[in-house]
Amino acid sequence: MRQIKLIWLLVFFVSTIYGSEDFQKHTIKCNMIHLYDELPEEVENIGDMFSEGIFYGRLRFNSFAFKWDNEVEIDDVKLRSDHVVAAIGGSLIYKSATFKGFSAGAGLYVSQSFGNLDFQDAYLYKAGKGTFSRYDALTNGSRGIATLAEGYLEYTYEDTYAVLGRQIVESFLTKSNDTKMIPNTFEGVTLRSREVPSTSLLLAYLTRQKLRDHIDFHHLLAVGDDPDDPYSIFTENDDSAMHFGLKLSELQARGIDDRLIIAEAKSESIDNVVFMMNYTAVPELVSSAMIQADYMFDLGDMYIIPGFRYMKQFDNGAGEIGGANLQTLTAGYTDPESLDSELFGARVAFVQDAFKLRFGYTKVADKGDIIAPWRGFPTEGFTRSIGQYNWNANTESFMIQVDYEFESFEEFKIISRFAVQNFDDSKVGVQADSNVFEINFFKGLGESPVYLKTRFAHVAGDDNTVVNNITKPDPSYNELRIELNYLF
C-alpha cells in the first residue's frame, strides 16, 4: 500500500506541473480509430440528446500473408504453418448529443474472415488472428465476429470528463491497437482532466477486457484453464504477450480479482520538453511505474529530439504463481519465482521538414519478464517493430527508423524500421536472436474518405541457438499486410 500511495502522490504532483493535450489525438490518428471531425452539439432536453446524435461508419478490408522460414511440428502436432487470411467488415459508432453534461456512445464492430487453414488449425494463425475468434473457429467453425465493443455513459464538466462502461483506453500499457478489424477495449471507469493548463491526467479502474479477436469481455490478467474445455485457453486473456502461468483457477483459489488500475500524467508545459509518467497495477499480482522525457533542440532548419524511458516492474505475487518467464519456462533465470524487473530506453530523433530519422535502444534487466498483455508495448517508440515482443528478461535491442512524407504526392508517407534484437541465449523460454526489417506505406486520397495502408516485414533469426541440448526454433519469417478503409 505504501508503494501505491507514493506513486499516486507523484502522479498527482507531476500532473499539476506538466501536461499535454496532443498525445491522445496523435495516438488515435496513428491507430486509425474513427476521427470525430464533427461532434454533436449540446441540447436542452433528453429527447434531443439522442435525436441529435451522430452515427459514424467505417468499411474495412484487411489481408495478411505469413510465411515461416521453417515450419515446426512435434509428435505430429503442428506448431507453425504458413497461412493467408483476409477479412471484410467495419464499424458503426453512435455518439449522442450532450444534455447537462451527460452523453452516451456505442460502437458495433463486425468482421468476416477467410483463411487457407482448416478450422482445426485455427490456432496456427499468427498474422491476421485478430480478424476472427480462434475459440469460435475451433469449437463451431465460425470465422465471423459481431461485438458491441463500446457502450458507455459520459459526464463532462468543463475540462474534466468521466466515462463509465465499455470504452477504448489509451495509455502507456493499454491501447486499442486498432491495426486489424476490431479494437482492443475495456470495461470500467475512466477520469480524464485538462483543468490545469497544458496538463493531461488519466485515472482508470478497469474490470474486464475484450481483445481484438474476442466477442465477449474477459479477464484482464488470467489465462483460461477449464479442464472440461480443451480450448478454454482462448476464452480469457490469450494475448501473445500474456503470462501463461497466471491461470484463472490459480487466481480464483487465492481469491484474487484481476482488476487494472492506471494513473498517468502527460506534459508539454515546459518549452521544448515532453514529459510522461505512468503507474499501472493489478493489485496482488504485478505493478509498474514508468517515467519518460523528451527534449527538443531547435536548430532552425532541423530539430534534434533526444529522449529516455525508465520502467520499474514490481512483483506483488504473480511470480510465485506463474514464475519469472511468460511461457513458464524459467530455466536460465536468476530468480525463477520473481517478476521484479526494469527496462531502460533511450532514443534520438532528427527531424527536418518531411524527413525523420530515429535511433532507439532498450535494455531489460536480467530479472523477470515484463508483463504487458493489454496491447500497449513497453518498448514502443524506441525499439519495437511490427509483431515483435522484445521485453523478455536480459533482452537488448537497437532500432533505426526512417520516416518520409512526400509533399508532391499528397498524403503519401513511408515509415521503415530496422531492428536488432539480442535475446538471452541461456533462457529456454526466450526466442532466438533476430534482425527485423519493416516498411510501411500510408496513402490517403485527398478529400476522399479512403485510406490505404501496406506493411511488409522480414525477420532473419538465428537457427543454431542451442540451450540444454535443445535448439531454439528459428524465428525467421516474411509477412505482408494490406489494409483499405472507407470512413463515412
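Two strands pair if DSSP finds at least two bridges between them. Helices (H or I, at least four residues) and strands (E, at least two) are DSSP runs, numbered from the N terminus. The structure in these views is a predicted model, in which local features need pLDDT of at least 70 and side-chain atom pairs count only at pLDDT 80 or more, while totals for chains, interfaces and linings use all residues. Residues are numbered from 1 along each chain as its sequence is written, and side-chain values use heavy atoms, with hydrogens and water left out.

**View 1**
Strand β11 covers residues 273-282. Nine of its 10 residues are buried (under 20% relative accessible area; exposed is over 50% and partly exposed lies in between, with a 1.4 Å probe and protein chains only). The strand is therefore largely enclosed by the rest of the structure. Strand β10 (residues 260-267) pairs with β11 in the antiparallel sense over seven bridges, and K266 stands opposite M276 in β11. The hairpin of β10 and β11 has five residues between the strands, and N272 takes a positive phi near 70° there. Strand β12 (residues 286-295) runs antiparallel to β11 and is joined to it by 10 bridges. M277 faces I291 of β12 as its opposite residue. In the hairpin of β11 and β12, three residues lie between the strands, and E284 has a positive phi near 75°.

**View 2. Strands β6, β7 and β8.**
Strand β6 (residues 144-157) and strand β7 (residues 160-167) are paired in the antiparallel sense, with seven bridges. Two residues lie between the strands in this hairpin, where the phi of E158 is positive, near 55°. Strand β7 also pairs with strand β8 (residues 185-193), again in the antiparallel sense, over eight bridges. R166 of β7 stands opposite G151, and R166 also stands opposite E187 in β8.

**View 3. The surroundings of K427.**
K427 is found in the loop between β18 (412-422) and β19 (434-444). K427 counts as buried because its relative accessibility is 0%. Its side chain and that of D366 are joined by a polar contact of 2.8 Å; such a contact is a pair of N or O atoms within 3.5 Å, where within protein one must be able to donate a hydrogen and the other to accept it, and residues adjacent in sequence count only if both atoms are side-chain atoms. A polar atom of the K427 side chain also lies 3.3 Å from the backbone oxygen of G332. Not counting residues up to four places away in sequence, K427 touches A331, G332, Y333, D366, A393, N394 and K472 (contact means heavy atoms within 4.5 Å). N394, one of the residues that K427 touches, lies in the loop between β16 (355-364) and β17 (396-406). The phi of N394 is near 60°, a positive value in a residue other than glycine.

**View 4. The loop that holds T328.**
T328 is placed in the loop between α6 (318-322) and β15 (341-352). Although T328 is not a glycine, its phi is positive, at about 70°. T328 is partly exposed, with a relative accessible area of 38%.

**View 5. H219 and its contacts.**
H219 lies in the loop between β9 (199-210) and α5 (248-253). With a relative accessible area of 17%, H219 is buried. Its side chain makes a polar contact of 2.8 Å with the side chain of D258. Leaving aside neighbours within four places in sequence, H219 is in contact with R208, Q209, E236, N237, L248 and D258. I262 is 43 residues from H219 along the chain, and the C-alpha atoms of H219 and I262 are separated by 16 Å.

**View 6. A nonpolar surface patch.**
F61, I88, F114, F398, F418, V420, F437, L452, F456, L480, I482 and L484 make a nonpolar surface patch of about 980 Å². The elements that give two or more residues to this patch are β18, β20 (450-461) and β23 (477-487). The largest share, three residues, comes from β23. L484 lies in strand β23 and is partly exposed, with a relative accessible area of 39%. Patches are made of residues with over 30% relative accessible area and no salt bridge, with like charges joined within 9 Å and nonpolar side chains (Val, Leu, Ile, Met, Phe, Trp, Tyr) within 5 Å. A salt bridge is a side-chain nitrogen of Lys or Arg within 4 Å of a carboxyl oxygen of Asp or Glu. Accessible areas come from the Shrake-Rupley method with a 1.4 Å probe, and for residues only the protein chains shown count as cover.
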